Amino acid sequence: MTMDFKPDIKLDETFYKVKEVRRLTEETFSLRLPKSRFTYHAGQHISLGIQGDYQSREYSIYSGENDECLEVLVKEVEDGYFTPKLSKLKPGDLVEVNGPFGKFKIDEKKTADHKFVFVASGTGIAPFRSMVRTYPDLDYTLIHGVRYGKEAYDKDEYAPDRHILCTSGDKTGKVHGRLTKYLKSASFEKKTQFYLCGNSNMIFDALEILKDKGFDRDQIHCEVYF
Amino acid sequence: MNSAKKKIAFKTLGCRLNQYETDALVSDFDKAGYEVVDFKEHADVVVVNTCTVTNQSDQKSRNTISQAARNNKGSVVVVTGCMANNYKEKLEGEDKITYVVENNRKGSILNLVDGHFGGELIHPEKLHADVFSYQVVDKSLHTRSAIKIQDGCDNFCTFCIIPTVRGRAVSRPLPQIIENVKNTLANGFKELVITGVNIGRYEWEDKRFEDVLEAILSVEGDFRVRISSLEPDGFGDDFVKLFSHPRMTPHLHLCLQSGSDKVLLRMRRMYDLKQFEHTVNLFRAQYPDFNFTTDLIVGFPDESEDDFQESIDAVNRYNFGHVHTFKYSVRKGTRAERMDNHIPDKIKTERSTRIREASEDSRDRYLNSFLGKTETVLIEGINKQQVANGYGEHYIPVHFKAEGLEKNTFARVKLVKVEGRGEDARVIGELVG
């Protein structure tokens, strides 16, 4: 039976049953939830809680706006409080979702005539997968910095000529070294919109490099992970 | 009400928005026939409008609640405000508190209290929830009235509990704002302060903050407009131009929070120091005396001595008229709570002292730069010696001899001498003409 929902109902927080815990590496997994009536813009994040637990954490949405599932990307932190619990979730377990939040979004007016450069470290790739899946015609380049090539999550979903993998711990990436090494050597068109997502040290360094290259701070959008 | 006039007292802690909401409640109860008395006097009902933005505010709120209950045994004690949201269950368990009312139901407290005295006990959760359903403030309270245009915040700065206690960002429909402005002016107010939690993010239909400001400035009447507090992200030339309107006061409270870009990133602020500086320069190029006041947090997790020095440098560089400094304090449930390298309190206190000194110097310099100039002061009060006090358009506190003048009128005053320092600093002036 299909339920007809009133269109004026605005969801702010609600519980969802876990659909799937999709393993990507030993430590990293994506958590798939039914999307139901939840609407969001690619790049936004949610706050996620586990039923019965008083804590919650924020995660960028990993799925596209039109995907069937609401998905987040999680790396388990050894000795952490929250991620080991998320990692043990089974289909049918309940999680609480708050949101969506954030202004880290694509400016739709710019999609037709701007280039987009996405710069991510580790699981900071999450909002960019959402953007790429939502805007299939986007003229983008994704620069993804990880330690090992196996951490190039869902790599096959990106066109090879748009995906620059930088690996600092092995030589499996297109670039051997940190993504900042690539950023320093790369040149970008003047009318580029930059989106940075990852830990604050990477973002700080990348911001400095881009500002040194003459890009305006208004062209650079940041989402810091902690 | 069925018996003798009931007495009600209010106490407000925290921000201007809270103050506005209390003022509106006072007007509400006054109109309903209650006698509003001072917080120190015995009352049948005491409303404590709390704040939870720092540990210190929690402590102050707790003390005030205890004081209210102690001084008014057997009276109705209503606790509302952000602490009521943040510690709802704990407060509901305290015998000395009669009702705990969350922020979104604050505007319905009269219903609750009226019901109580009529023998109808309503659970506060049954009250109507609307963050904008407040009475127009009565003019007897202040000379300035806040106009609430927005509530809540979606920014989720890593140090801040406000999105949790004030909720998601919500904007008041523009027609309601304009109606509120007209009614407020009809009550005799001469200065309107545009207020909310994050007013720069106003969004109602296709209207943005600049549109609201423009619409308010177009209302007829003898008044001026001040903006309470803004996040320093991305102002365009149109916004700067609005300040050339004769009703706009040349003052903005732009919350910098830190002078270090590294710290700003970890705070999840949406700007860097260069952008902040760009805004300051943009305004001062057009209005050289423009008053910027700001907030700075000292001792955010992992703040190095160099980071802190950048905050001091910012204070020295931007000629702030006032800097409100806060020692960082952990707010449960925020992202900063879980960050590494929390700064020991001793260092936070020491940095706080240093930045306060720089801030007082900055305020002193700013106020002294006005000597010999003339300000339009809105008179807030006149004492027995016929000395008036009030603020000039640049938000400069002015005292001057005002024989024959009245409260809530504008006076042109030449500024002649700065007295006092820091929070107590004021400028002595002489009436012109």
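The following is a conversation about how terms are applied to this predicted model.

Reader: How do you know which residue, chain or feature is meant in this predicted model?

Author: Residues are numbered from 1 along each chain as its sequence is written, while chains are lettered from A and ligands numbered from 1 in the order in which they are written. In this predicted model, local features need pLDDT of at least 70 and side-chain atom pairs count only at pLDDT 80 or more, whereas totals for chains, interfaces and linings use all residues.

Reader: What makes a run of residues a helix or a strand?

Author: Both are DSSP runs, numbered from the N terminus: helices are H or I with at least four residues, and strands are E with at least two. By that rule, chain A has 4 helices and 13 strands.

Reader: How do you know whether chain A agrees with a compact globule?

Author: We use the radius of gyration, taken over C-alpha atoms, and a globule rule of 2.2 Å times the number of residues to the power 0.38. For 226 residues the rule gives a value near 17 Å, and chain A has 18 Å, so the two agree.

Reader: Why are strand 11 and strand 13 of chain A called edge strands?

Author: Two strands pair if DSSP finds at least two bridges between them. In chain A, 6 strands form an open parallel sheet in the order 11-10-9-8-12-13. Strand 11 (175–176) and strand 13 (220–225) each pair on one side only, which makes them the edges. Strand 9 (residues 140–146) and strand 10 (residues 163–167) of chain A share 5 bridges, so they meet the pairing rule.

Reader: What makes domain 1 and domain 2 of chain A touch?

Author: Their bounds come from an automatic or database domain assignment, which gives domain 1 (13–101) and domain 2 (108–225). Two residues are in contact if their C-beta atoms, placed from the backbone, lie within 7 Å. On that test, 16 residues of domain 1 are in contact with 14 residues of domain 2. Strand 6 (residues 69–75) of chain A gives the largest share of the domain 1 side, 3 residues.

Reader: And how many residues of chain B are in contact with chain A?

Author: There are 15 from chain B, in contact with 10 residues of chain A. Helix 10 of chain B gives the most to its side, with 4 residues.
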